[in-house]
Amino acid sequence: MKKFFLMLSLAFLYVASASACDFEFSTKDNKKSVKAGDEVIINVVLNLTHRTCKVAAKDTKFKFDGIQIISATEWKQESPLVYTRQIKVKVLVDNKKNIMLSATRTCDKEGGHGVFNLPKQ
């Protein structure tokens, strides 16, 4: 009986920890690094891991460093729980070693956070 409650507790912790939104990032050309002045398209995939989210995809907050946002598509719903977006950026001429784009969602079900980094040459 003790083992059963331990397994049940572990299963509950697993489900609870998996309730946040998940972000996936990639570049259009699968770049491994960038140079100052490069224009890069960053693909953002938002996976909603809880079924009923009251926060719209458009309410996702972005922060960035070492880049300038040139343009961005609207969020596109690929399936009931998956949204995609492309963000076109220009790498700034500065002394930073990386570029960074982060996405954050805040809601009553833990929200979600994701960070994309690429080294600068």
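**Close-up 1. Surroundings of phenylalanine 62.** Phenylalanine 62 is in contact (heavy atoms within 4.5 Å) with Val44, Trp75, Arg85, Ile87, Leu101, Ser102 and Ala103, leaving aside its neighbours within four places in sequence. The residue lies in strand 3 (residues 61–65); strands are DSSP runs of E with at least two residues, numbered from the N terminus. Phenylalanine 62 counts as partly exposed because its relative accessibility is 21%, where buried means under 20% relative accessible area, exposed over 50% and partly exposed in between (1.4 Å probe, protein chains only). Its C-alpha atom is separated by 9.7 Å from that of glycine 114, 52 residues apart along the chain.

The model is predicted: local features need pLDDT of at least 70, side-chain atom pairs count only at pLDDT 80 or more, and totals for chains, interfaces and linings use all residues. Residues are numbered from 1 along each chain as its sequence is written, and side-chain values use heavy atoms, with hydrogens and water left out.

**Close-up 2. The open sheet 3-7-8.** Three strands, in the order 3-7-8, form an open sheet with antiparallel pairing; two strands pair if DSSP finds at least two bridges between them. Strand 3 and strand 8 (112–119) are at the edges with a single partner strand each, so one side of each has no neighbour in the sheet. Eight bridges join strand 7 (residues 98–105) and strand 8 in the antiparallel sense. Arginine 105 has glycine 112 in strand 8 as its bridge partner.

Close-up 3. Cysteine 21 is buried, at 6% relative accessible area, whereas cysteine 107 is partly exposed, at 22%. The count of disulfides (pairs of cysteine sulfur atoms within 2.5 Å) is zero.

Conventions: Helix = DSSP H or I, 4+ residues; strand = E, 2+ residues; numbered from the N terminus.
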